[in-house]
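This briefing is meant to be read beside the sequence and the model. Please keep both in view while following the points below.

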Amino acid sequence: LIHFYKRPRYPNITMAATDIENQTQAQSGKSPNNAEASPSKKTDESPADQKARAVAALSTGKRHLLVQDIHAAVESLGESSGLMSVEFGEKAPECAEAYFYYGKALLELARLESGVLGNALDGEDQEDEEDEWQEEEGETGEANADKEAVKSETDSGEGENKEGEDEDDPSSLQLAWEMLELAKVVFTEQLEGERKSNITAEVKTTIKKMLCETFLILGEVSLENEDED
């Protein structure tokens, strides 16, 4: 089975559509408990309304991605993926495009997050250089020891919090990989599955192009992952 999340609490099932949107809200800084966040709470919507909302969210997300509004793109494309999954099924052909662009947006989000982390590390390096200069100017070892103790306690607390968060939620890079893998499966099924004879030559060409691009972006995700390691 293809898993959206590799979590202990979802050991044998693929991620439900509401979980896609909950993670999307978390990535964009909004609460997943918001009444407007989950399509499962829109009980008065007809299937046609949900489909129209999913298509609109996909179009909006692609536009956000084009203009590099990454957080908005992740939110819209995550909503589209969730709605499409509810309406058509998680591996339906109609979902492939939403999965593809959602994975692409998550990769860009991972790059943004990596850039922020890199800037923070540069700031720490600068602080270390200042500390060395102060030591050369004659600061006492006792003062330095106290400072290191405070820093160690702070780093330890932050490390524990980060570790807990990492255990609870997959990274944007991991989500990007999983969404793109799912898109790849759906595109491949369209080209090689039982219904391959039902698609036109023009549609087949489009699907092949999307599948090739999916492989390329999966390669980019692998490179980003190696850089993080």
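How many helices and how many strands make up the secondary structure of the chain? The chain has seven helices and zero strands, where helices (H or I, at least four residues) and strands (E, at least two) are DSSP runs numbered from the N terminus. This is a predicted model, in which local features need pLDDT of at least 70, side-chain atom pairs count only at pLDDT 80 or more, and totals for chains, interfaces and linings use all residues. Residues are numbered from 1 along each chain as its sequence is written, and side-chain values use heavy atoms, with hydrogens and water left out.

**The chain as a whole**

- Along the sequence, the pattern reads α-α-α-α-α-α-α.
- Of the 229 residues, 34% count as buried; buried means under 20% relative accessible area, exposed over 50%, and partly exposed in between, with a 1.4 Å probe and protein chains only.

**Helix H2**

- The 20 residues of H2 should span 28 Å at 1.5 Å a residue, and the end C-alpha atoms of H2 are 29 Å apart, which agrees; the expected span is 1.5 Å times one less than the number of residues.
- The buried residues of H2 include Gln 50, Ala 54, Ala 57, Leu 58, Gly 61 and Leu 65.
- These residues cover an arc of only 105 degrees around the axis, which puts them on the same side of H2; the arc is that of the directions from the helix axis to the C-beta atoms.
- Ala 48 and Leu 66, on the other side of H2, are exposed.

**The pairing of H2 and H3**

- The axes of H2 (residues 47–66) and H3 (residues 70–88) come within 8 Å and cross at roughly 155 degrees; axes are lines fitted to C-alpha atoms, for helices over the stretch in contact, and angles run from 0 to 180 degrees between N-to-C directions.
- This angle makes H2 roughly antiparallel to H3, given that angles under 35 degrees count as roughly parallel, over 145 as roughly antiparallel, 65 to 115 as roughly perpendicular and the rest as oblique.
- The crossing of H2 and H3 is left-handed, meaning that the near helix is turned anticlockwise from the far one by less than a right angle, whereas clockwise would be right-handed.
- The contact of H2 with H3 has 14 nonpolar, six polar and five charged residues; Ala, Val, Leu, Ile, Met, Phe, Trp, Tyr, Cys and Pro count as nonpolar, Asp, Glu, Lys and Arg as charged, and the others, Gly among them, as polar.

- Gln 68 is found in the loop between H2 and H3 and is exposed, with a relative accessible area of 52%.
- Although Gln 68 is not a glycine, its phi is positive, at about 65 degrees.
- In H3, 19 residues should span 27 Å at 1.5 Å a residue, and the end C-alpha atoms are 26 Å apart, which agrees.

- H6 has 15 of its 21 residues buried, so H6 is largely enclosed by the rest of the structure.
- Glu 181 has its place in H6 (residues 172–192) and is buried, with a relative accessible area of 17%.
- From C-alpha to C-alpha, Glu 181 and Leu 218 are 7.7 Å apart in space, and they are 37 residues apart in sequence.
- Glu 220 is found in H7 (residues 201–228) and counts as partly exposed, at 32% relative accessibility.
- Glu 220 and Leu 107 are 113 residues apart along the chain, and their C-alpha atoms are separated by 8.4 Å.
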